[in-house]
Amino acid sequence: MSLAAEYLRKLRLSINEIEVSKAHQLQGAGDLLIDIREPDETAAGLPAGAVALPRSALELKIEQLAQPGDQVMLLCGSGQRSLLAAANLHELGYTRICSVIGGYAAWKNAQLPVVVPPRMDSVQRQRYSRQMILDQVGEAGQARLEQSRVLVVGAGGLGCPASLYLAAAGVGTLTLADADRVELSNLHRQVLHGTASLGEPKVQSARARLRALNPEISVRALESRVTEANVEALVAEHDLIIDGADNLATRYLLNAACVAAGKPLVYAAVERFDAQVSVFWPAAPDGPWPCYRCLFPYPPPPEAAPNCAEAGVLGVVPGIVGMMQANEALKLLLQIGKPLTGRLLCFDARQASWRELRLPVDPHCPGCGDQPAAVGDIVSCRTAD
Ligand SMILES: [Zn+2]
């Protein structure tokens with residue numbers, strides 16, 4: 001017996017090995033499956049739901065995925081490298097580690113689900129290189145962004161900066177919904193539009209600018225308001241929604257549709273020198289968290305809620321919180337960091353200060369409580385005092 005074979009035989013006495021069917025079952029129960037093969041191997045496919053973390057980086061990066069007490073399963077090509085890697089992780093303190101017998105070959109033979117990551121060409125690698133070198137993004141995160149679909153409601157002061165950075169980051173599908181045309185008074189804050197675009201539909205002007213920035217992505221221009229008739233279908237088609245609406249009726253409608261569909265709503269609002277930003281997502285995996293109506297159960301009378309045309313706004317203010325919305329969206333899509341769920345950030349441009357308010361869930365909330373209003377039930381908003 002060779003030295004390597006003898007060593008593997010000894011390891012088998014101390015490291016837990018499991019069949020692929022058992023690994024698939026445990027994965028379904030929430031246990032982590034790591035494919036430790038090299039990128040040129042996983043490019044052809046890997047188990048669905050597995051995290052790709054090459055053997056060469058395993059010890060250095062495992063802490064970002066699992067703590068020593070967690071159950072972790074390792075899979076390689078045939079079950080040998082994963083056994084050696086499991087021994088190393090065991091020494092690091094990962095005592096609930098196991099190796100999948102037969103590796104990816106056995107997984108495929110058992111006809112268990114696999115995914116083939118989208119191939120990234122050299123142009124894309126260069127375009128996204130500065131964010132892909134981040135451990136928390138990498139090729140897998142970039143592929144996730146490419147497969148993501150974000151609805152941006154409003155191509156105005158918030159939607160412009162938010163979609164600019166989402167497009168630059170490589171979010172694969174952006175849908176912009178807005179029925180307005182570009183006016184001269186928009187240009188001090190709606191930075192996707194230029195003087196040459198005056199009179200054009202905002203979504204067309206925005207689409208041209210975003211496609212010029214990043215032709216790799218798909219930008220859908222919906223020259224329409226979000227209404228009761230289209231909101232549910234729009235929300236269903238997207239992973240998350242950026243609220244850049246300029247009116248309260250749309251905000252309440254978006255909140256209702258997002259609560260019903262279990263989708264995150266990335267919210268911001270501006271007035272004069274002040275802004276607010278938060279993430280409303282009652283159904284988040286670490287929830288429950290509040291919805292928009294836990295904070296604002298009913299809209300105020302119109303005279304108490306002036307829009308930018310009435311109250312005025314310093315152009316940079318929506319720029320700052322629109323980018324905060326892009327930041328929250330990217331974190332949610334990449335599943336990194338701590339989202340703004342349950343927190344309201346309030347920005348004061350004059351003082352250059354941020355205040356953070358804790359937002360509790362309201363158990364009697366008309367949006368997400370015991371008896372939520374129907375998606376189109378704006379009437380109940382209007383009639384409440
Ligand atoms: Zn609520």
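Along the chain, the donors of the zinc ion follow the spacing C-x2-C-x70-C-x2-C; donors are N, O and S atoms within 2.8 Å of the metal (3.2 Å for Na, K and Ca), and because water is not among the atoms, sites may look incomplete. The model is predicted, so local features need pLDDT of at least 70 and side-chain atom pairs count only at pLDDT 80 or more, whereas totals for chains, interfaces and linings use all residues. Residues are numbered from 1 along each chain as its sequence is written, and side-chain values use heavy atoms, with hydrogens and water left out.

The protein donors are the SG atoms of Cys 291, Cys 294, Cys 365 and Cys 368, lying 2.3 Å from the zinc ion. The four donor atoms subtend angles of 96 to 128° around the zinc ion, which makes the arrangement tetrahedral (four donors with all angles between 85 and 135 degrees). Distant parts of the chain are linked by Cys 291, in the loop between β13 (274–280) and α14 (292–295), and Cys 365, in the loop between β15 (353–358) and α17 (378–383), 74 residues apart. Helices (H or I, at least four residues) and strands (E, at least two) are DSSP runs, numbered from the N terminus. Cys 291 is buried, with a relative accessible area of 1%, and for Cys 365 the value is likewise 1%; buried means under 20% relative accessible area (1.4 Å probe, protein chains only).

In helix α9 (residues 138–146), the buried residues are Gly 138, Gly 141, Gln 142, Ala 143 and Leu 145. Their cover includes α8 (129–132), α10 (159–169) and α16 (316–334). The protein has 17 helices and 15 strands, and 47% of its 385 residues count as buried.

Notes:
Four donors count as tetrahedral if all angles lie between 85 and 135 degrees; four count as square planar and six as octahedral if opposite donors are over 155 degrees apart and all others between 65 and 115; anything else is irregular. Buried means under 20% relative accessible area, exposed over 50%, partly exposed in between (1.4 Å probe, protein chains only). Contact means heavy atoms within 4.5 Å.
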